[in-house]
Number of protein chains: 2
Amino acid sequence: MDTQESLLPVFESLRRAQERLALQNRLQKDAALRAAAEAVDRRRAGILAANGKDLEKARLSGMKEALIDRLLLNERRIDGMVEGIEAIIRLEDPIGRVRAGWTAPNGLGIQQVTVPLGVAAIIYESRPNVTADAFALAYKAGCSILLRGSSAALESNRALLGAIREGLALGNGIPEAVALADSGRREEVDQILGARGWIDLVLPRGGRDLIRRVVENARVPVIETGEGNCHIYVDRDADTAKAVDIVENAKLRKPGACNAVETILVHRDAAGDFMPLLAERLAGKAELRCDDPSLKAIGPPPAGLALKNAAEEDWSTEFLDYILAVKTVDSLDEAIAHINRYGTRHSEAILTNNLKAAEEFRRRVDAACVYVNASTRFTDGGEFGFGAELGISTQKFHARGPMGLEALTTIKYLISGSGQVRP
Amino acid sequence: MDTQESLLPVFESLRRAQERLALQNRLQKDAALRAAAEAVDRRRAGILAANGKDLEKARLSGMKEALIDRLLLNERRIDGMVEGIEAIIRLEDPIGRVRAGWTAPNGLGIQQVTVPLGVAAIIYESRPNVTADAFALAYKAGCSILLRGSSAALESNRALLGAIREGLALGNGIPEAVALADSGRREEVDQILGARGWIDLVLPRGGRDLIRRVVENARVPVIETGEGNCHIYVDRDADTAKAVDIVENAKLRKPGACNAVETILVHRDAAGDFMPLLAERLAGKAELRCDDPSLKAIGPPPAGLALKNAAEEDWSTEFLDYILAVKTVDSLDEAIAHINRYGTRHSEAILTNNLKAAEEFRRRVDAACVYVNASTRFTDGGEFGFGAELGISTQKFHARGPMGLEALTTIKYLISGSGQVRP
C-alpha cells in the first residue's frame with residue numbers, strides 16, 4: 001500500500017535515534033531535557049500564537065466549551081508543562097538498574113538489567129500538555145516516541161515540538177527521538193497500529209472509542225488506559241460519616257477523571273443510615289440513580305436532589321459526569337460479584353471496619369487498585385509518588401495501574417563467563 | 001459465527017475456575033499438583049496405550065522419524081513428566097509477593113503485590129510433555145490454562161489430561177482449571193486467538209510458522225517464543241582455543257534448540273588463527289557456509305569438511321541443523337550492526353578478553369540474553385535457575401528471555417486508608 005510508505009521514513013528515523021538514545025547516560029538525557037524545557041519556556045509566545053489558531057478553528061467548527069478548555073494553552077499551562085519536564089528530570093534513571101543478579105553453579109554471572117523498551121507511540125486527544133509529558137517520559141526512559149495528537153491541536157503540537165527539538169539540539173540531545181505524526185489523516189493511525197517491528201508500544205490516551213479502536217486494530221503491543229467504571233462498596237461495618245466524605249470526594253472532586261466513582265454499592269443494613277446522609281450531601285450537586293431499596297432508604301428526598309430510578313445500563317456506564325448510580329446489595333459476595341462483572345479493573349474501594357470483609361474484598365476484587373477506606377481518586381502516578389504518569393493501565397499485561405517510567409522499560413540478561421559450555 | 005460458540009463454555013469454565021484458583025494458598029496448590037503427578041504416575045499404562053495409538057496413526061500417515069520421536073512417550077519420559085511437576089511443586093509461590101510497599105505523605109499505605117495473570121492458553125506442537133509442564137506452571141501461578149496441542153498427539157493429551165484432572169479432584173484441587181481444546185479443527189486456534197476478555201495470554205510454542213500465524217492473528221496478548229537466529233562474535237582479542245570449544249558446543253550439542261548458534265562473526269584479525277581450528281573441529285560434524293575471507297582463512301580444508309559459499313539468505317536463516325554460517329567482519333561495530341540487523345533478539349555472544357569490546361557489545365546488542373565468553377546454549381529456564389520454563393520470550397513486552405512462573409503473574413496495588421480523600 002502506498003499509504004503505508006508515508007510514515008516509514010519516520011519509523012526508521014525514530015528507530016535509529018532510539019539506538020543512540022539508549023546509550024546516553026542520565027546526565028546526558030537530563031541535560032537535553034533541561035534544554036527542551038528551557039526552549040518551551042523561551043518560545044512560549046510562538047506556542048501560544050499557534051494555540052490561538054487551533055482555538056479559532058475549533059470555535060468556528062463549533063467545538064464544545066469543555067473540549068475547547070482541554071485544547072487551551074495559557075501562560076499557566078505552559079508553566080505547568082515546563083515544570084512537568086523538570087519533575088521528570090528529577091526522577092531516577094529507570095535504565096541500567098540491576099533488578100536481580102546471581103551466580104550459576106558453573107560460575108556464570110547472570111544479571112537482569114533494565115533497558116529501554118524501544119520506540120513508543122502515543123495517540124491522544126486534544127490536550128497539548130500530553131505532548132510535553134509523553135516526550136519527556138519517553139526520553140528519560142531512553143525511548144523514541146511518535147506523537148499522534150488530535151488534528152484539532154495540530155498547530156499547538158507543531159509549535160511545541162519545534163521548541164522541544166530545538167532544545168534537544170541545543171542541549172546536545174537527539175532531536176530525532178521525538179516526532180509528530182501530523183498529516184491529520186485517519187490512515188496515519190492505522191499505519192502506526194500496523195507497524196510491527198517499528199513500534200514497540202502504542203498508548204492510546206483518550207475516550208473509550210479511541211481506546212477500543214486502537215485495541216481492536218493494533219498489530220503492535222498496546223497498553224489500554226483510562227476507562228474507569230469504579231465502585232465504592234459501603235459495607236455494613238462502614239463508618240457512615242467517613243463514607244459520605246469519601247463518596248463525595250470520589251464523585252464530585254473531578255467527575256471527568258477515570259478514577260472518579262460511578263456506582264455506589266451499599267449493604268442493605270447500611271443503607272438506612274447512609275443513604276439519607278448521602279442524598280443530603282449530594283443534593284444540588286449530583287444526580288442519583290438508585291435501585292428500589294436504596295431509593296426507599298433515602299426517605300423524603302432533600303430539596304434540590306436530582307433522583308432517578310437506576311436502569312440496568314447504568315451499572316456498566318462510566319458517566320464521567322455529576323451522576324452516581326446506587327445499588328443495594330445483600331452481602332459482600334454480591335458486591336464483589338457486581339464489581340467483577342461490571343467494573344473495568346481500574347479502581348475499586350471498600351469502606352468498612354471489618355477486617356475479614358476488607359481482606360476478602362482485597363483478595364477477590366480483580367482491579368489494578370483496590371482500596372480500603374479511601375477515595376478511588378488516589379489512583380494517579382503523582383499520588384502514588386511516581387512523579388509523572390503515562391496513563392493508568394487497565395490491562396494486566398506488561399503494566400497495570402498508574403504507569404511511570406517503568407512501563408517504558410524491559411529487561412536484558414547479561415551473562416558473564418570464562419569459557420563455559422553447556423554439558 | 002457459530003464456530004465461535006463452541007469454545008465459549010470452555011472459556012467460561014476456565015475463567016470461573018481461575019477465580020477460585022487465585023484464592024488457593026501454596027499448600028493447597030502444591031497438594032493438588034502432587035496428586036496430579038501421582039495420577040500421571042499411576043495411570044502411565046493408559047497414557048502409553050493412548051500414545052501408542054497416536055504413534056500408529058503418525059506412522060501410517062508417513063510422519064518423519066524426528067517428529068515421531070518428539071511425539072513418543074515411554075517410561076522414562078513419563079518419569080520425566082512426573083519429576084517435572086515435582087520440580088514445580090518445589091518452586092516458591094509466585095503469588096502474593098509484596099514487590100514494593102510504601103506510605104504516602106497522607107498516610108495511605110500502598111503495596112504492589114503479585115497476582116495471577118488469569119487464563120492462559122498454549123498452542124503447541126507434538127511434544128506431549130509440554131502438556132504436563134504447562135499445566136503445572138499455570139496451576140502453580142494460579143492461572144487456568146487451555147491446552148491446544150497438535151492433533152497428532154490428541155490421544156496422548158487426552159489421556160494425560162484425564163490423569164491430571166483425576167489427580168486434581170483427588171487432591172482437593174480445581175480440575176476445571178485445565179482444559180484441552182481437542183476438536184482438532186483449525187478454527188479452534190482462531191477462536192482462541194480472538195477470545196478477548198476470556199484469554200489473558202497466548203503462548204505459541206513451536207516452529208516459526210506457528211508463531212508467525214499466532215502473532216499475526218491474535219487479538220489477545222501473545223508472547224512470542226523461540227525463534228533464535230543466534231550469533232557468536234569471535235573478537236580480535238578472543239582466546240582462540242576457548243572460542244573453538246564454545247562454538248562447537250553452541251552448534252553441535254543440540255542444533256535443533258533455539259539457543260544454538262547459527263552464524264559466527266569472526267574479526268578479520270582473528271580469522272587466520274581461528275578458522276583453521278574451527279574447520280578441523282567441525283569436519284565431518286557440521287557444514288560451514290563461509291564468506292570469501294573466512295573461506296580463505298581456512299586454508300586447505302581438512303578431510304571430511306563440508307564447505308559452501310555463504311549466500312545472503314544464510315544470514316537470516318535459523319538452520320536448526322548441523323549448518324553454521326561464517327562471516328568475517330572488520331570491526332566490533334560491524335559485528336553489532338550485523339547482529340542487530342539479522343538477529344532475532346534471542347541470545348548473542350562475544351568472545352573476547354578486551355573489556356571495552358565486551359562492554360560495547362553488552363550495551364549495544366539488542367537481545368534477551370547477551371553473553372561474554374560463554375556458549376549461547378545457556379539461555380534456558382533450568383540453566384538460569386528458574387526450575388522450569390514456559391518458553392523463551394523473544395519479545396520485549398511483558399516478558400523477555402527464559403520465562404518462569406513470573407511471566408504468568410501481574411500486579412495489583414493494595415491501598416489502605418483511614419478515610420483519606422484527595423484534595
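## Helix 3 and helix 8 of chain B

In this predicted model, helix 3 of chain B contributes Ala32(B), Ala35(B), Ala36(B), Ala39(B), Val40(B) and Arg42(B) to a contact (heavy atoms within 4.5 Å) with Leu160(B), Ala163(B), Ile164(B), Glu166(B), Gly167(B), Leu168(B) and Leu170(B) of helix 8 of chain B. By class, 10 nonpolar, 1 polar and 2 charged residues make up this contact, where Ala, Val, Leu, Ile, Met, Phe, Trp, Tyr, Cys and Pro count as nonpolar, Asp, Glu, Lys and Arg as charged, and the others, Gly among them, as polar.

## Helix 3 and helix 6 of chain B

Helix 3 of chain B also packs against helix 6 (residues 75–90) of chain B, at an angle of about 175° and with the axes 9 Å apart, so helix 3 of chain B and helix 6 of chain B are roughly antiparallel. Among the residues that meet are Arg26(B), Asp30(B) and Arg34(B) from helix 3 of chain B, and Glu86(B) and Arg90(B) from helix 6 of chain B. The contact has 8 nonpolar, no polar and 6 charged residues.

## Helix 2 and helix 6 of chain A

In chain A, helix 2 (residues 26–42) and helix 6 (residues 129–140) pack at an angle of about 165°, their axes lying 10 Å apart, and are therefore roughly antiparallel to each other. Helix 2 of chain A passes helix 6 of chain A in a right-handed crossing. Arg26(A), Lys29(A), Asp30(A), Ala32(A), Leu33(A) and Ala36(A) of helix 2 of chain A make this contact with Phe135(A), Ala136(A), Tyr139(A) and Lys140(A) of helix 6 of chain A, a set with 6 nonpolar, no polar and 4 charged residues.

## Domains of chain A

An automatic or database domain assignment divides chain A into domain 1 (2–225 + 396–415) and domain 2 (230–378). The domain centres, taken over C-alpha atoms, are separated by 36 Å, and the contact takes 5 residues from domain 1 of chain A and 6 residues from domain 2 of chain A.

## Relation of the two chains

Chain A can be laid on chain B with an RMSD of 0.0 Å by a turn of 180° and a shift of 0.0 Å along the axis, the copies being superposed by least squares on the C-alpha atoms of residues with pLDDT of at least 70 in both; that is the relation of a two-fold axis. The C-alpha of His398(A) is the one nearest the axis in chain A, 1.9 Å from it. Because 100% of the interface residues of chain A are also interface residues in chain B, the copies meet through the same surface.

## Basis of the values

Residues are numbered from 1 along each chain as its sequence is written, while chains are lettered from A and ligands numbered from 1 in the order in which they are written. Local features need pLDDT of at least 70 and side-chain atom pairs count only at pLDDT 80 or more, whereas totals for chains, interfaces and linings use all residues, and side-chain values use heavy atoms, with hydrogens and water left out.

Conventions
Helices (H or I, at least four residues) and strands (E, at least two) are DSSP runs, numbered from the N terminus. Axes are lines fitted to C-alpha atoms, for helices over the stretch in contact, and angles run from 0 to 180 degrees between N-to-C directions. Angles under 35 degrees count as roughly parallel, over 145 as roughly antiparallel, 65 to 115 as roughly perpendicular and the rest as oblique. A crossing is left-handed if the near helix is turned anticlockwise from the far one by less than a right angle, and right-handed if clockwise.
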